[in-house]
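Please keep the sequence and the model in view while reading.

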Amino acid sequence: MSTSADILVIDDEIQMRRLLRSTLESAGYTVTLAETGKDGMRLATSERFDGIILDLGLPDIDGIDVLKELRRWAQYPILILSVRASEQEIVAALDAGANDYLTKPFRTEELLARLRSALRLFNTTASRETVFTVGAITIDLDAHLVRKHNEIVKLTPTEFSLLALFVRNAGKVLTHKYILQQVWGPKYEEQSQYSRVYVGQLRKKLEDDPNNPAVFLTESGIGYRFSAGD
Amino acid sequence: MNYSFATYTKPGSRPVPVQYAIAVGIIIAISLLLSLSSHYLGYQAVSLILLFVVAILSLRFEIGPVLAAAGASAVIWNFFFIPPHFTLAIASAQDGLLFFTYFVIAAITVTLTSRIRTRENRAMALFTLTKQLIDAKTQDEVARAAVNNIGSFFNAEVLLYLSEHDGDVFTHPHPASTLHADPKEYSVASWVYWNEKKAGKFIDRLPFSVATYYPISGPRYPLGVLGIRLKSDKQVSPEQETLLQNFIGQIASALEREQLNELSNRTTVYMESERLYKTLFNSISHELRTPLAAILNAAEGLQSSLPAANNSQHNDLVGEIHTAVERLNRLVENLLDMTRIESGHCAPSLDWCDIRDIINASLKKLEKELKHHTVIVSIADDVTLVKLDFGLMEQAFTNLLHNASIYTPAGTTVTIESKIERSTIIITIHDNGPGFPPETLPKIFDKFFRIPGSKTGGSGLGLSIVRGYVEAHKGMITAANVPTGGAQFQLRIPAEIHQPEQ
């Protein structure tokens, strides 16, 4: 994919802004910087971007509020930066529409990988691909067929719709709440045992080592991520 | 008709004996004046004027003095004005009827006004109490208003017990009480509290106390008990009782109001401190970690921008920076975790967790540290989903496993086992390393304690954080040496366990 994407970085720390600029520019992105939430929102409305990197700890406006405001009209990926020990904050941000998150301190390569994956996912959602391959697993969404090492794996309808949700959002972190909403319906948002039980079943049927999952990854205290294997 | 209400004396009104003197004195004075003019008025008119005076007096004085005035006026009228004068005899039947009518009207007037005034007194008393209760700003003021009003209106000694916060039984009477509380009184009062029925003297339940006790009932739990002993040492009459129940009802709603107020104040203060703490904590966390992130990212930037020729040496240097950042980050994490535990802001947010997921997350974090160790994870099949705080437990396991990686030599096997016993999840982490020096075992979870002579690279906080997080889950952790050699930690955490639907 072309890496000439325009990225807006909203972070109040000058050092982080400078570092993110140099990191992203050397990876081929065009970077615009904003110091405050207000600045960021002004820039986001007046210029066109392909993605935003947003620090949650902004001095003027709560990062979550900036995110909610942006999500009222912006479809493109928004990555959030946060510090650990604020899982609830991260979950809130993801539920408010953030595409992914990174906790400080983070590895540069991790940031670039997440950004790349979010941008790719955004650009391919339009395409009507229905057959996906992840390692030894092949999933045909139209035919409702799942194969592992070319052997058909039997899934219950709920298992299949959960898998389909994961596949369509490959590489993206999905919160428990979002999964429950999408697969079981809004009434089941609090029934968090469902997602755990069914992810466990998918792991048993599809993972090489269910006790050490490589495809259905757990995001500590937040949710799951379906590893697209890159 | 019952006039046994001790009168609710308005401020400024005179004592009763004085009232007698004044009332009778006024009648005598008026009679003297009338005797001067009786010649013109005629004695029938005199009776009307005297009746008028008695009616006026009944508005100002107690019933006793007014009755005395009425009697006196009847005698005076008869003796001095009705012919034959200076005798109590009445000559004509007409005068007899007149005298009889006079007496009856005087009596009725006095009775009626007095009855009205009794009602007025009661209404006034209730009004005064209600007003004071409304003005009361604290539970104490409510109690004081209750004791004072009941005491003065019923002419009684009052003993008031108020429940502790959240409906716990009282231990001491309210200091505003005017009746001395001995253990006997207390035992009757607490019986009334738990049973919410009146008891005590004059009542067939527990009549051995000095006072009679009434419950002050609230919608959620009893608010207290009110004991009353009339100074006349008589029983509370049914009429007084009705009024007393009215009083108690008012007091109950005032107490309820104040308790709710206090509760909401406490909640507000708590929430405010929680919010403040969170803000501060987040900002410190942010302040400490941002430079770490900058160092890490700058080092990585350096690595990728340097000419390939020197890369191996630079890689080493960047690797050193990286290790240092990780160590510093761990220290920051530990310090922040410890702060969180010590400040009491560490309430676990429980949700369904797969214990395997938690262990995997910790192992993944420590991939590099445990590179030269063998890790065996053995989890019983019946361990399905357990309600825990994922983040806290992940940190606990990370600290325990990190310890294992530091204090055991390469090649050591670390075993993690988990099983369920009734509604407790038990996790055991043991290794076949050197184990703990026995004398250090009692201190192993102490803050900043480090095993003497152990290599540098620890803050001495890791295990006390583990204990803090386990205890936040109401669980316990023990450390021991395994008989076959090696250290063992065991965590026992009571938790809700998912029952799979069959």
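A residue is called buried if 20 or more other C-beta atoms lie within 10 Å of its own, exposed if 12 or fewer do, and partly exposed in between. By this criterion, 33% of the 502 residues of chain B count as buried. The model under discussion is predicted.

Chain B may be considered first. Its secondary structure consists of 11 helices and 11 strands. Among the contacts in chain B with a separation of 6 or more, 63% are between residues 24 or more positions apart.

One element of chain B is an open sheet of four strands, in the order E1-E4-E3-E2, with antiparallel pairing. Strand E1 (156–162) and strand E2 (199–200) of chain B each have a single partner strand, so they stand at the edges and one side of each is left without a neighbour in the sheet. In general, the strands of a sheet pair through backbone hydrogen bonds, either parallel or antiparallel. E2(B) runs antiparallel to strand E3 (residues 212–216) of chain B, and two bridges join them. Here B:Gly200 stands opposite B:Thr212 in E3(B). Across E3 and strand E4 (224–230) of chain B lies helix H7 (residues 238–305) of chain B, which runs at about 40° to E3(B).

The account now turns to where the chains meet. Chain A gives 27 residues to the contact, and chain B gives 30 residues. On the side of chain A that touches chain B, helix H1 (14–26) and helix H8 (192–206) of chain A each supply at least two residues. That side of chain A has seven nonpolar, 14 polar and six charged residues.

Within chain A, helix H3 (residues 63–71) has the buried residues A:Gly63, A:Val66, A:Leu67 and A:Leu70. These residues are on the same side of H3(A), because they cover an arc of only 100° around the axis. An α-helix has 3.6 residues a turn, so residues three or four places apart point the same way. The buried residues of H3(A) pack against strand E1 (6–10), helix H2 (37–46), strand E3 (51–55), strand E4 (78–83) and helix H4 (87–95) of chain A.

A:Leu217 lies in strand E11 (residues 216–219) of chain A. Is A:Leu217 buried or partly exposed? A:Leu217 is partly exposed, because 17 other C-beta atoms lie within 10 Å. Leaving aside residues up to four places away in sequence, A:Leu217 touches A:Tyr224, A:Arg225 and A:Ser227. The C-alpha atoms of A:Leu217 and A:Val173 are separated by 9.1 Å, and these two residues are 44 residues apart along the chain.

Key:
Residues are numbered from 1 along each chain as its sequence is written. Chains are lettered from A and ligands numbered from 1 in the order in which they are written. This is a predicted model: local features need pLDDT of at least 70, side-chain atom pairs count only at pLDDT 80 or more; totals for chains, interfaces and linings use all residues. Two strands pair if DSSP finds at least two bridges between them. Two residues are in contact if their C-beta atoms, placed from the backbone, lie within 7 Å. Axes are lines fitted to C-alpha atoms, for helices over the stretch in contact, and angles run from 0 to 180 degrees between N-to-C directions. Ala, Val, Leu, Ile, Met, Phe, Trp, Tyr, Cys and Pro count as nonpolar, Asp, Glu, Lys and Arg as charged, and the others, Gly among them, as polar. The arc is that of the directions from the helix axis to the C-beta atoms.
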